[in-house]
Amino acid sequence: MAWHEDLLVGFDLETTGTDPRQARIVTAAVTEVKSGEPVRHRAWLADPGVPIPAETTAIHGVSTQRAAAEGRPAPEVVAEVADAVRGHWAAGVPVVVYNAPFDLTLLDEELKRYALPSLVPPGTSPGPVIDPLVLDRALDRYRRGKRTLEAACQVYGVALDGAHDAGVDALAAVRVARALALRFPELAEADLADLQSRQATWYATWAEDFSAWLTRKGSPDPSVDPSWPLRGAARLVG
């Protein structure tokens, strides 16, 4: 059975900010999907322990007050979310994450913040991971316009009702991944190990090209981490 026809797990975070090294988890979702339809959904609301900026609340709808009143302690949420992701990886089930280096790095940083075990156990590698953003960039390289999840949903005919809700985005990411596999037969036919390797190569190539573009634009910090699906190779081995 081709990977897109089997069980897939969507994963998404909504957070306090855009820096995965500093931001905290506010909401999380892990959604098991078969044939494009959810079969099991888990969701979390955390009290991140820091103020949620108003501009961030405007995006995902969770205020500092609500998170403090209704959210569970962040260490508990972080541990449970990481256990869910690890469990699917251990079972060989692909975890679909749109822009994986952001969400997975942020989760790993949260684990480190609370002195919890690393997302990737020593001696192992993260995955399998399916990153629709990486696939879209590589397979439709010259398409103009944004590469956000919302834009990808429009391109691939995926309904997105309520973007920036972790559960909605997790399911949409899986549906975009399936749509990509249906549009590009070579993607559907790839085995997971090969696809994991190819995504890492595609991401590194994109990072190099984007760094070069930033340099041409005179950016003071044109470097882009080429690591995928988790930033910082040092965390992969210990």
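Is the crossing of helix 6 and helix 7 left-handed or right-handed? In this predicted model, the crossing of these two helices is left-handed. The briefing below covers their packing and then the nonpolar cores.

**Packing of helix 6 and helix 7**

- Helix 6 spans residues 149-156 and helix 7 spans residues 166-183; they pack with their axes 10 Å apart, at an angle of about 40 degrees.
- From helix 6, the contact is made by L149, A152, C153, V155 and Y156.
- Helix 7 contributes D169, A172, A173, V176, A179, L180 and R183 to this contact.
- By class, the residues of the contact comprise ten nonpolar and two charged, with no polar ones.

**The largest nonpolar core**

- The largest nonpolar core contains 32 residues.
- Within this core, the residues with the most contacts are F11, W89, L104, L107 and L119.
- Two or more residues each come from strand 1 (8-15), strand 2 (25-34), strand 3 (37-47), helix 3 (74-90) and helix 4 (100-113).
- Helix 3 gives the most to this core, namely seven residues.

**Surroundings of F11**

- Leaving aside residues up to four places away in sequence, F11 touches A29, V30, V81, V85, V95, V96, V97, D103, L104, L107 and A170.

**The second core**

- A separate second core is made up of 28 residues, including V96, I130, A179 and L195.
- V96 of this second core is also one of the residues that F11 touches.
- A179, likewise in the second core, takes part in the contact of helix 7 with helix 6.

Key:
Residues are numbered from 1 along each chain as its sequence is written. This is a predicted model: local features need pLDDT of at least 70, side-chain atom pairs count only at pLDDT 80 or more; totals for chains, interfaces and linings use all residues. Side-chain values use heavy atoms; hydrogens and water are left out. A nonpolar core is a set of buried Ala, Val, Leu, Ile, Met, Phe, Trp, Tyr and Cys residues joined through side-chain atoms within 4.5 Å. Buried means under 20% relative accessible area, exposed over 50%, partly exposed in between (1.4 Å probe, protein chains only). Helices (H or I, at least four residues) and strands (E, at least two) are DSSP runs, numbered from the N terminus. Contact means heavy atoms within 4.5 Å. Axes are lines fitted to C-alpha atoms, for helices over the stretch in contact, and angles run from 0 to 180 degrees between N-to-C directions. A crossing is left-handed if the near helix is turned anticlockwise from the far one by less than a right angle, and right-handed if clockwise. Ala, Val, Leu, Ile, Met, Phe, Trp, Tyr, Cys and Pro count as nonpolar, Asp, Glu, Lys and Arg as charged, and the others, Gly among them, as polar.
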